[in-house]
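User: I would like to learn how to read the sheets, the ligand shell and the cores of a model. Please take one feature at a time.

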Amino acid sequence: MSAGPAVHAEGLTRDFGALRAVDHLDLVVPRNSVFGFLGPNGAGKTTTLRLLLGLLEPTGGRALIFGRDPSREGETVRAECGALLEHHGLYERLTAVENLDFYARINRMGCVEARARMQELLEGFELWERRGDRVSTWSKGMKQKLAIARAMMHRPSLLLLDEPTAGLDARSAAALRQDLLRLVRAEDVTVFLTTHNLGEAEQICDSVGIFREGRLLAMGVPEELRRRATRPGVEVVGSGMTPEIVADIRARPDVLDVALDGDVLRIDLAEGADAPPLVALLVGRGVEISEVRGFAASLEEVFLSLLEDET
Ligand SMILES: Nc1ncnc2c1ncn2[C@@H]1O[C@H](COP(=O)(O)OP(=O)(O)OP(=O)(O)O)[C@@H](O)[C@H]1O
Ligand SMILES: [Mg+2]
């Protein structure tokens, strides 16, 4: 495996005619983390996965997978990846073992290694007992698990999963998430999954990117993003913010919380509170402000749409 983070997108852009599906995406996903790409329908999630796999050419910018550009070294990149895109692509008339066997052969895995890996994954996904049944007799949840097992067969370094729990009932989705998380935590693998379910992201992702209309609106730890999105707030960028000033801001009744990160002061406002008096206070205390930005408004709307269909 070459150097670099699992995924590094720099200005990654993809147009379909006049439509910009992915718009200057900048993103770093560190190795061995579980990253959730969270966005409503049509956000550009699937397009991004296809760009990362080198199945689509970017219109601009580039993506690097472990330092390799998939539009130049597509085969090498894809060999390092396991992917489950929108359709599971299993052979319904074959058994689970036959499906995995077929995939193992395509990936030139040795027979003994393939058998051991198959057992490990089928057991991990609680499918071992049903390994000899035709996949056509399986539930949707079982098929999704098998499709992920197949994507993991050759021990990929990066697992790309496009809405792995879409269409599953709450129980099957929870079982899949639990098995997936247990398996990936035990291996040297990075997971990049898409979802339009905030609850799902919170349960299994180390970090999340909120994506809408081709743009990344926010990145961070899921709980933190939820907090940011459900409370209005303001970020003040500037210099001269002393601990005393931060404490004074925190003590105000119109402020719920304050966090200073470098030269960015994040202020969570109480309901109905306004930013201008706080900005005036900072200026009055000698803070040199270079930027003031609200951070909830744009996220809130997206979060509502993501919360609606939580399972
Ligand atoms: N091959 C294509 N040709 C033209 N337009 C496309 C193509 N693929 C995607 N698009 C458009 O790009 C936008 C993003 O689509 P994409 O499938 O990436 O979104 P998504 O976030 O995966 O949505 P969903 O949650 O519905 O799967 C949409 O407006 C879609 O219609
Ligand atoms: Mg999609």
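User: What order do the strands of the open sheet of 3 strands have?

Analyst: Helices (H or I, at least four residues) and strands (E, at least two) are DSSP runs numbered from the N terminus, and two strands pair if DSSP finds at least two bridges between them. Here the order is 2-1-4, with antiparallel pairing. Strand 2 (19-29) and strand 4 (60-65) are the edges; each has a single partner strand, so one side of each has no neighbour in the sheet. On average, neighbouring strands of this sheet are turned by 20° against each other, direction ignored. Axes are lines fitted to C-alpha atoms, for helices over the stretch in contact, and angles run from 0 to 180 degrees between N-to-C directions. This is a predicted model, in which local features need pLDDT of at least 70 and side-chain atom pairs count only at pLDDT 80 or more, while totals for chains, interfaces and linings use all residues. Residues are numbered from 1 along each chain as its sequence is written, and chains are lettered from A and ligands numbered from 1 in the order in which they are written.

User: How many bridges join strand 1 to strand 4?

Analyst: Strand 1 (residues 7-16) and strand 4 run antiparallel and are joined by 5 bridges. Within this pairing, T13 has G60 of strand 4 as its bridge partner.

User: Which strands does helix 1 lie across?

Analyst: Contact between two residues requires C-beta atoms, placed from the backbone, within 7 Å. Helix 1 (residues 45-52) lies across strand 1, strand 2 and strand 4, at about 60° to strand 2.

User: Which residues surround ligand 1?

Analyst: A residue is near a molecule if its C-beta atom, placed from the backbone, lies within 6 Å of it. Ligand 1 is surrounded by F16, L19, A21, G39, N41, G42, A43, G44, K45, T46, T47 and H196. Helix 1 gives the most to this shell, 3 residues, and strand 2 also supplies at least two. With Ala, Val, Leu, Ile, Met, Phe, Trp, Tyr, Cys and Pro as nonpolar, Asp, Glu, Lys and Arg as charged, and the others, Gly among them, as polar, the shell divides into 4 nonpolar, 7 polar and 1 charged.

User: Why does G42 count as partly exposed?

Analyst: A residue is buried if 20 or more other C-beta atoms lie within 10 Å of its own, exposed if 12 or fewer, and partly exposed in between. G42 has 13 C-beta neighbours inside 10 Å, so G42 falls in the partly exposed class. G42 sits in the loop between strand 3 (34-38) and helix 1.

User: Which residues touch the most other members of the largest nonpolar core?

Analyst: A nonpolar core is a set of buried Ala, Val, Leu, Ile, Met, Phe, Trp, Tyr and Cys residues joined through C-beta atoms within 7 Å. In the largest core, of 73 residues, they are V7, I65, A149, L159, L160, V191 and F192. Helix 5 (residues 140-152) contributes the largest share, 7 residues. Another core, of 10 residues, lies apart from it and includes L265, I267, L269 and L282.

User: What order does the open sheet of 4 strands have?

Analyst: The order is 11-12-10-13, again with antiparallel pairing. Strand 11 (255-261) and strand 13 (288-294) are the edge strands, each pairing on one side only. Strand 10 (residues 233-239) and strand 12 (residues 264-269) pair over 5 bridges in the antiparallel sense, and V236 stands opposite L265 in strand 12. Helix 9 (residues 243-251) packs on the sheet, touching strand 11 and strand 12, and its direction makes about 160° with that of strand 11.
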